[in-house]
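Subject: Structure handover

Hello,

Here is the structure we talked about. Please open it and read the notes below alongside.

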Amino acid sequence: MAADRIEKHALLDAPLERVWDALSDSAKFGTWFGMDVDGPFVEGATISGQINETQVDADIAEKQRPHVGAPVTLWIVAVEPLRRLAFRWNPLPGGEFADLTTLVEFTLSEQDGGTLIDIVESGFDALPDEHRDGTFSGNSEGWAIQTQLIGKYLALNPAQ
Amino acid sequence: MIATEASASVFDALGDPHRLHMVIRLCDAGPCSTLQVAQSISLSRQAATKHLEVLQTVGIVTSSKRGRERIWTVEPQPLTAAGDYLNALSRRWDSALERLKAFVET
């Protein structure tokens with residue numbers, strides 16, 4: 001289990017302009033991601049969205065179903081045309097995690113006549129500093145502790 | 001938002017240091033009686049029972065009777081599920097990428 005970040009790469013068989021449009025046009029982003037959004041992606045903007053079922057993937061739609069209507073906030077960090085889109089969001093539901101945000105960055109480049117997309121979601125090990133000493137201290141330790149616990153348990157139960 | 005509410009309650013239950021140490025103790029030592037758990041972290045039997053029952057409510061431990069004792073056992077599933085949140089979030093991006101691919105390539 002990676003500690004702090006998730007990284008994904010894919011080569012898309014589509015021109016860079018088209019991929020950028022699908023990312024940076026918030027309505028189009030919402031269509032493939034499965035989210036209704038209330039405004040355009042502009043640097044510094046705060047976008048309110050709601051999880052919606054994707055039409056593309058039945059498995060994902062089923063997983064999203066309990067969360068349909070769940071509010072999602074995107075804080076748009078960077079919109080660099082044809083190159084990079086970045087936002088912060090709250091990756092986990094539940095009040096316990098309300099102060100945990102991660103940075104999601106999409107970076108595009110042309111490759112082999114298509115478009116290479118890199119997605120990095122980072123910041124899982126960090127809660128905002130102002131909460132380290134507050135009521136969330138138990139949970140901020142929780143991330144590291146969970147990992148230890150799982151490791152401990154799996155070491156004792158290798159068949160699991 | 002694939003991570004479950006159940007995971008959140010597991011984290012919540014483990015947010016208390018006493019309960020966390022109880023789970024670690026039960027992972028290390030295997031099934032224990034209430035008294036053994038209480039003694040291992042210097043709590044009264046009554047306080048230990050209260051904490052163990054919180055853990056039982058969210059499914060992290062189960063109990064069974066042996067004579068007059070209650071024996072507590074760790075359940076791996078909720079812990080694994082909670083620990084698996086990064087994998088779940090990672091899979092979310094795999095499928096999001098597939099949907100993006102379908103969206104831009106058609």
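S1(A) and strand S7 (residues 114-122) of chain A pair in the antiparallel sense, over eight bridges. Two strands count as paired if DSSP finds at least two bridges between them. Strands, like helices, are DSSP runs numbered from the N terminus (helices are H or I, at least four residues; strands are E, at least two). One bridge to look at: Ile6(A) has Glu121(A) in S7(A) as its partner.

A word on the source. This is a predicted model, in which local features need pLDDT of at least 70 and side-chain atom pairs count only at pLDDT 80 or more, while totals for chains, interfaces and linings use all residues. Residues are numbered from 1 along each chain as its sequence is written, and chains are lettered from A and ligands numbered from 1 in the order in which they are written.

The sheet in chain A is open and has seven strands, in the order S1-S7-S6-S5-S4-S3-S2. Its pairing is antiparallel. The edges are strand S1 (5-12) and S2 of chain A, each pairing on one side only. Neighbouring strands are turned by 25 degrees against each other on average, direction ignored.

Two helices pack on this sheet. H1(A) touches S1, S4, S5, S6 and S7 of chain A, and its direction makes about 165 degrees with that of S6(A). H2(A) touches S2 and S3 of chain A, and its direction makes about 165 degrees with that of S2(A). (Axes are lines fitted to C-alpha atoms, for helices over the stretch in contact; angles run from 0 to 180 degrees between N-to-C directions. Contact means C-beta atoms, placed from the backbone, within 7 Å.)

Now the cores. A nonpolar core is a set of buried Ala, Val, Leu, Ile, Met, Phe, Trp, Tyr and Cys residues joined through C-beta atoms within 7 Å. Buried means 20 or more other C-beta atoms within 10 Å of a residue's own; exposed means 12 or fewer, and partly exposed lies in between. The largest core has 26 residues. Val19(A), Ala22(A), Leu23(A), Trp32(A) and Val104(B) touch the most other members. H1(A) gives the most to this core, with four residues. Leu23(A) touches Phe29(A), Leu85(A) and Phe106(A), not counting residues up to four places away in sequence. A second, separate core of 20 residues includes Leu26(B), Cys32(B), Ile60(B) and Val74(B).

Chain B has six helices and three strands. Along the sequence the pattern is α-α-β-α-α-β-β-α-α. Of its 106 residues, 36% count as buried.

Best wishes
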